[in-house]
Amino acid sequence: MHRKTKKFVLILFKISTHLLFLIIGLCLGMYILPIITASPKPNSTLINLALENSKYETVFVRDLPGSSFLYWGQGQLSLSEKNIVFQGKLSPGPSYKFYLTKKFVQDKESFLKNKTNAILIGDINSFNGFILKISPSINIDNYNYAVVWCESFSQFITSARYQQ
């Protein structure tokens with residue numbers, strides 16, 4: 001191999017390895033940042049207060065068709081006129097949103113079809129349980145399903161039916 005060719009290959013190798021580590025770093029950052037900035041789990045006193053007037057209860061399960069090993073949720077969900085309380089775990093990720101829908105959603109495609117008719121309740125900032133306030137203008141009786149959605153990656157996380 002000529003000296004210039006060897007030098008070119010070495011430079012190309014260095015650029016490739018630097019780009020590879022840059023991409024790995026960005027991917028790790030996108031995964032780790034939400035974990036670092038997550039709100040702490042609500043304490044039991046706050047959870048008990050929020051659960052006092054619970055009207056509906058359901059369970060998020062981990063094995064829905066649209067869930068995966070990267071995007072999942074499992075635990076107990078309680079809804080009242082004022083609060084939504086989740087006691088369980090969600091896979092960590094950026095920009096999780098909580099929606100209510102009228103139609104069943106179990107994967108990305110079904111959520112995207114129904115998203116325009118879904119009502120956004122709020123942002124989820126904790127992966128080990130959360131309490132969300134419901135706006136007085138929202139009537140939870142008008143909806144049947146609860147959905148957790150990752151807005152950044154357009155990924156379905158989990159859903160559950162809370163009323164017939």
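A polar contact here is a pair of N or O atoms within 3.5 Å, one able to donate a hydrogen and the other to accept it. With that in hand, welcome to a short tour of this predicted model.

**Figure 1. K97 and its polar partner D123.** The side chains of K97 and D123 come to 2.5 Å in a polar contact. K97 belongs to strand 4, which covers residues 96-101. Is this lysine buried or exposed? With a relative accessible area of 16%, K97 is buried, because the limit for that class is under 20%. Leaving aside residues up to four places away in sequence, K97 touches L120, G122, D123, I124, V147, V148, W149 and E151.

Figure 2. Four strands make up an open sheet in the order 5-4-7-8, and their pairing is antiparallel. Which strands sit at the edges? Strand 5 and strand 8 do, each pairing on one side only. From one strand to the next, the twist averages 20°. A closer look at strand 7 and strand 8 shows antiparallel pairing over 6 bridges. V148 stands opposite T158 of strand 8, and V148 is also among the residues that K97 touches.

**Figure 3. K55 and E81, a bridge between two loops.** Side chains of opposite charge can pair when their charged atoms come close. K55 and E81 form a salt bridge in which the closest N and O atoms are 3.0 Å apart. This pair links distant parts of the chain: K55 is in the loop between helix 2 (44-51) and strand 1 (56-60), while E81 is in the loop between strand 2 (73-79) and strand 3 (83-90), 26 residues apart. K55 is partly exposed at 42% relative accessibility, and E81 is partly exposed too, with a relative accessible area of 38%.

**Figure 4. K55 again, now with D141.** A salt bridge also joins the side chains of K55 and D141, at 2.7 Å from N to O. Which parts of the chain does the pair tie together? K55 lies in the loop between helix 2 and strand 1, and D141 in the loop between strand 6 (130-133) and strand 7 (145-150), so the pair ties together parts that are 86 residues apart in sequence. D141 is partly exposed, its relative accessible area being 29%.

**Figure 5. K115 and E151.** The side chains of K115 and E151 meet in a salt bridge of 2.5 Å, N to O. Because K115 lies in the loop between helix 3 (108-114) and strand 5 (119-124) and E151 in the loop between strand 7 and strand 8 (155-161), the pair ties together parts 36 residues apart in sequence. K115 counts as partly exposed at 25% relative accessibility, and E151 is partly exposed at 27%. Salt bridges that share partners join K55, E81 and D141 into one network. The structure holds 4 salt bridges.

**Figure 6. The whole chain, for orientation.** The chain has 3 helices and 8 strands, following the pattern α-α-β-β-β-β-α-β-β-β-β along the sequence. Its radius of gyration is 21 Å, whereas a compact globule of 164 residues would be near 15 Å. Along the principal axes, the C-alpha atoms fill a box of roughly 80 × 35 × 30 Å. Buried residues make up 39% of the 164 residues.

Key. Residues are numbered from 1 along each chain as its sequence is written. This is a predicted model: local features need pLDDT of at least 70, side-chain atom pairs count only at pLDDT 80 or more; totals for chains, interfaces and linings use all residues. Side-chain values use heavy atoms; hydrogens and water are left out. Buried means under 20% relative accessible area, exposed over 50%, partly exposed in between (1.4 Å probe, protein chains only). Contact means heavy atoms within 4.5 Å. Two strands pair if DSSP finds at least two bridges between them. Axes are lines fitted to C-alpha atoms, for helices over the stretch in contact, and angles run from 0 to 180 degrees between N-to-C directions. The radius of gyration is taken over C-alpha atoms; the globule rule is 2.2 Å times the number of residues to the power 0.38.
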